[in-house]
Amino acid sequence: MQADTTRNLNDEQQMLADSVSKYLTDTYSFDARRSTANGDLLAPHPQWQQFANMGWLGLPFDDCDGGFSGGPTEISLLFQAFGKHLVLEPYLETVVLAGGVIARGQAVLKQRYLDGIMSGDIQGAFGHGEAGHSAERYYVSTSALKTDHGWQLNGTKAVVANGPLADVLVISARIEGDVRSSQGIGLFVIDRHAAGIAATDYVTVDGRRASEISLNHVEIAADALVSTATDELNRVLDRGCFAVCAEAIGAMQALLSATVEYCQQRRQFGQPIGSFQALQHRMVDMYIALELARSLLGATTDALTNNDENSGLLLSALKYRVDKSARLISYGALQLHGGIAMTDELNIGHYFKRLTLVEKQFGTAQYHLQRFKELQLQLQKN
Amino acid sequence: MTEEEITFQTEVRQFLVEYLSADLKRSGRNMTSVFADYDCALRWHKILHKQGWAAPEWPEEHGGTNWTQNQRQIFQRELKLGGAPAIMALGIQMLGPIIIKYGTEEQKHHYLPRMLAGDDIWCQGYSEPGAGSDLASLATRAERDGDHYVVNGSKIWTSFAHRANKIFCLVRTSTEGRPQAGISFLLADMDTQGISLSEIIGLDGTVEQCQVFFSDARIPVTNLIGEENQGWNVAKYLLEFERGGHNYSIDHQKLFAKVRAIAGQQYAHNGICYLEEPAFSADLAELEIDALALEYTEQRIKASDAPGSLTSVAKLAGTELSQKISALSSDALGAHNAPLQHAALEVDYSGKVVGPENAITTFAEYVNMRAATIYGGSAEIQRNIISRAVLGLR
């Protein structure tokens, strides 16, 4: 089974795909990953500096900011490889989310953080969801009060991925409106160690790190506010969504390949279990689920690259399909491997755990189903 | 319920009020698989034993009860929904009935009281690295040497072997005839020289399973249950207990209670909690209908003298439904699936919990539930049984 053969990559993109794949295959062993995952809560990621040296951390930033102006295709290639190798490094949090917001901020913010992000010296995190409301896209009760010098933030953010290692936080806070209003939410860039920030740090079930972050009278300068536009919040959430969808497809491909291989090797009743039709058909269904998701990833990548008016619609279709496919493929991979898949020492269950958390991020399948319907109506009206 | 049954239910409830202490209750509530905290399970076992309730399914003469089917059902439901920890099932629920049926008088006299009192904790050595669904191909050899069998081989997915002091296993005593024909059922002390184990870390990061190794382990011939080479029939009888003796509908009630607790606290959109959200509540209702159908299926099994393959139907439908219900809990919990909170699962934990209280068990339970269609005869094997034995497809 080939990775994506349906998409035309230019030379540079092909080179990126090859080098990411080669680098991770050579260095990112499952055992090494496991010891990082099970290591100290605050231990730095051993590969992060290498990611910077390879130029990956600058990939999506504009060349005028010192980046490589990579687009959705590059992000997709990178994240498919991350998914395949179950990469733990906080690329999503630092580069796509925190970096993605900072890059839209004033020059002073960019100067303060972007070089450090690209060189691997600064890590970031994005705090948006709140306890009990992680599925509500615009639920923000964390408040931002205008002060003489800037802003004061108060509130709590739940499950802030990479919170423990972040140097800089992007926090959504409500400037005006009801807690559920899509309007009036500001995106603020804050030093992780600013006075008034307290965190409960923990390891996550997929071997990563996260924090519950409370902000208590956190005073920040006026230039820390990047935007109050709903579109900007949606932009960063959608970029995160796209990245984890690509990651999920890499993980699903790995699960399918491993399952097919295992069923060809594992013998019961005097034959490879892959010779049983019931199992063959289940793997075929897994393959179909993967390819359908992959097709939507390709279409979404193109639509985002060209800024097509249906890109939001496609992204919601993609996330919905990815969540459904991820479950079907994970369940199949676990069942066909049997008991061994339920152990910590085999990678199969780790893909399942990661995919389960992806389902919960950037809008659930249910949310995207609803959004798809709304966007479809809008497009029909136009 | 009849008046007698209501009186019985009251008696069980009073017993729970009196003896199910807060920490025991916590160990029941914190279960993320079919096993509870080992020490709590054992303490609870001894409390039940003192009351004469450790093995309600056993005949009265061996220390069981003379309860009716309905009483047993009430008892199980009250304990499970009342938050009691599950006791180690492999001895009382699985080996006990075997010894009662196949054991010699001496074996009954020796093993049953110790099992009942929780003095012996048993683990089950069936599966092997090369023999899972195809159990009959098992290769652990037991060769006769005077008054002993010399056993060599390995068993895997041996639940709680690291805490058990006894093991019952299937071993190969002959290679002649059908694979099923040369299997014997053997008991052993875990501290027998030549028996060792390695712990297997599960996906939830805890140890419940082990691999057990036999290297020239000498086991007395008197530890044989039933006749030599008749172990397959003994095991089949046991598998029926593993499959048919379980009340999935009670599990489902406990799982539904959890979904409702979480879905009532977590919001889906526009200030609507999951429990009131149309799509989610429709999914929940659909599973509740499935659960109802299963409950009536279990009643049919209990009422029947020859349930036959309905037990496979119950195992399949029961485990697959448990998986779906636990998925709903995980869905509703949202982002707070993520924190890994092993310490918070300890019964004496007094620190803070990240997210809602039920966040500490939800993800692990969802993940662990995937094993329910693997162990005790996989879903594929159950479907084979039904297609052959019921539908007559070959």
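Predicted model: local features only at pLDDT ≥ 70, side-chain atom pairs only at ≥ 80, totals over all residues.
Figure 1. Strand 6 of chain B and strand 7 of chain B run antiparallel, joined by 7 bridges. The two strands form a hairpin, with 5 residues between them. In the turn, B:Gly205 has a positive phi of about 90°.

**Figure 2. Strand 7 of chain B also pairs with strand 3 of chain B.** Strand 3 covers residues 148-156, and strand 7 covers residues 207-220. Their pairing is antiparallel and extends over 8 bridges. One of the residues involved is B:Tyr149, whose bridge partner in strand 7 is B:Ile219.

**Figure 3. The contact between chain B and chain A.** On chain B, 36 residues are in contact with 36 residues of chain A. Four elements of chain B give two or more residues to this side: strand 6 (195-201), strand 9 (267-269), helix 11 (359-368) and helix 12 (379-390). Strand 9 gives the most, with 3 residues. By class, the chain B side has 17 nonpolar, 16 polar and 3 charged residues. Strand 6, listed here, is also the strand that forms the hairpin with strand 7 of chain B.

**Figure 4. Domain 1 of chain B against domain 3 of chain B.** Chain B is divided into domain 1 (3-87), domain 2 (122-230) and domain 3 (246-390). The C-alpha centres of domain 1 and domain 3 of chain B lie 21 Å apart. Here 14 residues of domain 1 are in contact with 12 residues of domain 3. On the domain 1 side, helix 2 (22-29) and helix 4 (69-81) of chain B each give two or more residues. Helix 4 of chain B gives the most, with 6 residues. What classes make up the domain 1 side? Its residues divide into 2 nonpolar, 7 polar and 5 charged.

**Figure 5. Chain B as a whole.** Chain B has 12 helices and 10 strands. Along its principal axes, the C-alpha trace spans about 75 × 50 × 45 Å. For 394 residues, a compact globule would have a radius of gyration near 21 Å; chain B has 22 Å, which agrees. Of these 394 residues, 45% count as buried. Among contacts in chain B with a separation of 6 or more, 70% come from residues 24 or more positions apart.

**Figure 6. Helix 4 of chain A.** This helix covers residues 72-84. At 1.5 Å a residue, its 13 residues should span 18 Å; the end C-alpha atoms are 18 Å apart, which agrees. Is the helix enclosed or open? Helix 4 of chain A is largely enclosed by the rest of the structure, because 13 of its 13 residues are buried. A:Leu86 follows the helix and has a positive phi, near 55°.

**Figure 7. Domain 1 of chain A against domain 2 of chain A.** Chain A is divided into domain 1 (11-123), domain 2 (125-228) and domain 3 (231-381). The C-alpha centres of domain 1 and domain 2 of chain A lie 23 Å apart. Contacts link 20 residues of domain 1 with 20 residues of domain 2. The elements giving two or more residues to the domain 1 side are helix 5 (91-102) and helix 6 (107-119) of chain A. Helix 5 of chain A supplies the largest share, 6 residues. The residues of the domain 1 side divide into 14 nonpolar, 4 polar and 2 charged.

Key
Residues numbered from 1 in each chain as written. Chains lettered and ligands numbered in written order. Contact = placed C-beta atoms within 7 Å. Nonpolar A, V, L, I, M, F, W, Y, C, P; charged D, E, K, R; others polar. Domains from an automatic or database assignment. Pairing = 2+ DSSP bridges. Rg over C-alpha atoms; globule rule 2.2 N^0.38 Å. Buried ≥ 20, exposed ≤ 12 C-beta atoms within 10 Å, placed from the backbone. Expected span 1.5 Å × (residues − 1).
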